[in-house]
Amino acid sequence: MECTKMGVPLEGFGDKVRETAAEGMVLLKNEKQMFPLTKEDHVAIFGRCQINYYKSGTGSGGAVHTAYTTNLVEGLRRYKEISLNEELVQIYENWVKENPFDDGGGVWAGEPWYQKEMPVSEEMARKAGETSNKAIVVIGRTAGEDQDNAPVEGSYLLTKEERQLIETVAGCFEKTAVVLNVSNIIDMSWLETIQNKAHVCSVLYTWQGGIEAGNASADVLTGAVTPSGKLPDTIAYDIADYPSTENFGDEERNYYAEDIYVGYRYFETFAPEKVQFPFGFGLSYTEFQTQVTRAKVQGEGKEAVAVIEACVTNTGAVYSGKEVVQVYYEAPQGKLGQPVRQLAAFQKTGLLAPGESQKLTFTIKACQLASYDDSGVTGYKNAYVLEEGTYGFYVGTDVRNAGQVLFAEGKGLKIPSCVVVQSLQEVLVPAEAFQRLRPGRLSEQGIYEKTEEDVPLQSVSLKARIAENLPEEMEITGDRGITFSMVQEEKTSLEAFVAQFTKEELARIVRGEGMCNPMVTPGTASAFGGTAPSLYRYGIPAACTADGPSGIRMDSGLQATQMPIGTMLAASWNPEMMEELYEWEGKELLRNQIDTLLGPGMNIHRNPLNGRNFEYFSEDPYLTGTCAAAAVRGIGKTGAAATIKHFACNNQEKGRTTADSVVSQRALREIYLKGFEMAVKEGKARSLMTSYNPLNGHWTASNYDLCTTVLRGEWGYEGIVMTDWWAKMNDPVEGGKGDMKNTAAMVRAQNDLYMVVGNGGSEENIYEDNTLEALESGNLTVGELQRCAMNICRFILESPVAKRPLKTPEELEKEAGSFAFVPVKLIPEKEETMRLSIEHTGRYKFFVKLRSGLSQQAQSSCNLLLNGKPVATVQTNGTGNEWNLIKLENIDLEPGDYQAALQDVKAGMEIAWVEVCR
């Protein structure tokens, strides 16, 4: 693994992170000239998170080893003209030393949502007010994989101590701001009920901005950057106001009874009075005027196009800034029923100086406005249709203030009669009855009453569909001397190459290995392709994957750049900037010899309590798809790939491997799959990860209609599909119980890769999967395995790994050397055994006996040190407390004496011994 800059963060990347993070901060309130801070201000900062400033959430989406981080105090100190109350800062710094950050013992999903807060008496606040004229209270929250948020204090709600802190400070300062250093939106109702609320002049969501979080926050607070972020989610007054809350969190089954009415689609249609801050809302330090200058409809019917031109002017006198113009549409209620607002387009201006204007043009095709009829009520079942009527458009800077656009032709785009935009086929339909929400009578107040209707149920035979679409089987030729490089050089076809694989080799290539596989970059998530010796001999290299959406996770301790969380990126409403950011990420992937990043995450924010919302973008599918496509394009420019995930409906962490998401076909197509479709069609995604959960009774990792009928058949996807790590599968036709060993079901669905088996386990089938057994019984065909092998090899051919030198088996053997060595066991509990004497230069094998009592998807890791230097990473998921034997990297050692030690990266495993042998 020769790479002089591997583990060295990319120079200049941090500057791009800082710029992007500042762009995503959302100002919800700003009165009495609280912000920006000026040289006349003397600022007192309260709250421990001014020092323990969160850069990301937890789990695979946040575990990036960084060279540095920045907190809010450090960021503000860089602005020499800003005076901080250093006496108060010192009090906090001393208190934090005595009350260190609680990381939950470093255990997977063990970190608490919030941190203990320093008590602040009225006397202390009043003393700070003697020298300071403004106060900032910093509230911090984290969230992460394997644990959802909850409507309790310290999670979605403020703690009593936090509320008291705000009240105490606001009682002593007439100008108080609250900075929310959070991963997800949190309850904001306190803003209406808190004591001294008139003194809470400003509220700013700074989210979690990666390594430059503190500096970027200071940029916005000081006015070096004018805030231009907009909410990617609706903030309601109460968690119970969200329609999904009633059906969220069950570990067995969750009915998506709210159907397409997610987020603002629900609130604007049924309950506008329950909205505290609307979708798309965000303030600036300056004022803007947005005026529609021209609106026309070109063409007719489904070929029609609405063209809207708008002029944005910075009408302020002091600050430059950016504005986001949002276009929403209202479809006729028709027979299907519709939300009263749906996002159709948006653009962000450039930086406009006071008095400066910019013209924006929006072109919206009629076909973008189509709705899916899954019941046949329009007369066109399983088709996208435009129902008869006028489609109105609304332009503004959030969903609530958007005003109706008047066209030269009338109030919108007219469809004279119901027209089919695209005829499809029934897919992913629930098999059990439930009812879904739809609009009823329109009240005098302009609000629709809530009614329900039965959800259409499955009527097609999956068995017949699969049988009719089985791929042709290529005759197995055996080894004809065709190598991977010959396919690269176009000397032969990929088909001829794959036709050489025996049944056993075909079964091996669909097994990824990990985590921390020795054939790829140390500490990464997996290796796939040529991991088995029998495949490597064909010249297939081992491709490398790495977590996660916010930066490269390398549990070996190698360092990388942490980007802002997904929600913050979506809040920027700036896909062009996102694309640039992810191009930087792609370059860092190349530096670390990683072929695909396991991100972006792009599940819909169905409910604010989902623990991984921070990895994802928004409650809106169009904003989600636009952001994801930008990320995919950015990484793709470098030759590396983004792996979009989790496909699909992974909308909660509690019971994430068991909870069946029961969803109508219409809601799937219009809400939960739409972003993925955009990432595939517009972003040209070529790597995708399925989710842990069942979807309408079928685990997504073995869901035929999801992975084949829709993804590949309807969308034209040609890349690879992989499971999430240690996923379950069930029968693609009958459903039933999920099982990690059912890789035959995975292959039949055309999910190409099982992630992951233990390192070295793909050759010997150490997880005892049923692929070969299914071939023998006729439940799987050779052609289906060959199809997956083709997908995998095609991806590798187009990836950076194909350009890296591949060592021959002879070279590897020569490097290993040939001499005798008596195996040595290093036992951590016996210090005297942790010494190793080496007489000969050579390559040594390391095996570890370990166990973990954590959950199956929980991850633990530690580094093996020799003379204080990390040489290998030990990683495991939960083993049910059963002892497992895993293979580490083969390590080159020089003659000498070595002191061995283990260094925790993520606690949770017990190691019995480490064996060193030849």
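Asp373 stands opposite Ala383, which is in strand S16. This is a predicted model, so keep that in mind throughout. The pair belongs to two strands that run antiparallel, S15 and S16, the latter covering residues 383-386. Three bridges join them.

Now the sheet around that pair. It is an open sheet of three strands, in the order S15-S16-S20, with antiparallel pairing. S15, residues 371-373, and S20, residues 419-423, stand at the edges. Each has a single partner strand, so one side of each is left without a neighbour in the sheet. On average, neighbouring strands here are turned by 40 degrees against each other, direction ignored. As a reminder, strands of a sheet pair through backbone hydrogen bonds, either parallel or antiparallel.

What packs on this sheet? Helix H17 does, and it touches S15 and S16. The direction of H17 makes about 160 degrees with that of S15.

Next, the helix itself. H17 spans residues 665-672, and eight of its eight residues are buried, so the helix is largely enclosed by the rest of the structure.

Last, a residue elsewhere. Is Glu829 buried or exposed? Glu829 has 73% relative accessibility, and it counts as exposed because the cut-off for that is over 50%. Glu829 is found in a loop, between strand S36 (824-826) and strand S37 (835-838). Glu829 and Leu336 are 493 residues apart along the chain, and their C-alpha atoms are separated by 67 Å.

Methods: Residues are numbered from 1 along each chain as its sequence is written. This is a predicted model: local features need pLDDT of at least 70, side-chain atom pairs count only at pLDDT 80 or more; totals for chains, interfaces and linings use all residues. Side-chain values use heavy atoms; hydrogens and water are left out. Helices (H or I, at least four residues) and strands (E, at least two) are DSSP runs, numbered from the N terminus. Buried means under 20% relative accessible area, exposed over 50%, partly exposed in between (1.4 Å probe, protein chains only). Two strands pair if DSSP finds at least two bridges between them. Axes are lines fitted to C-alpha atoms, for helices over the stretch in contact, and angles run from 0 to 180 degrees between N-to-C directions. Contact means heavy atoms within 4.5 Å.
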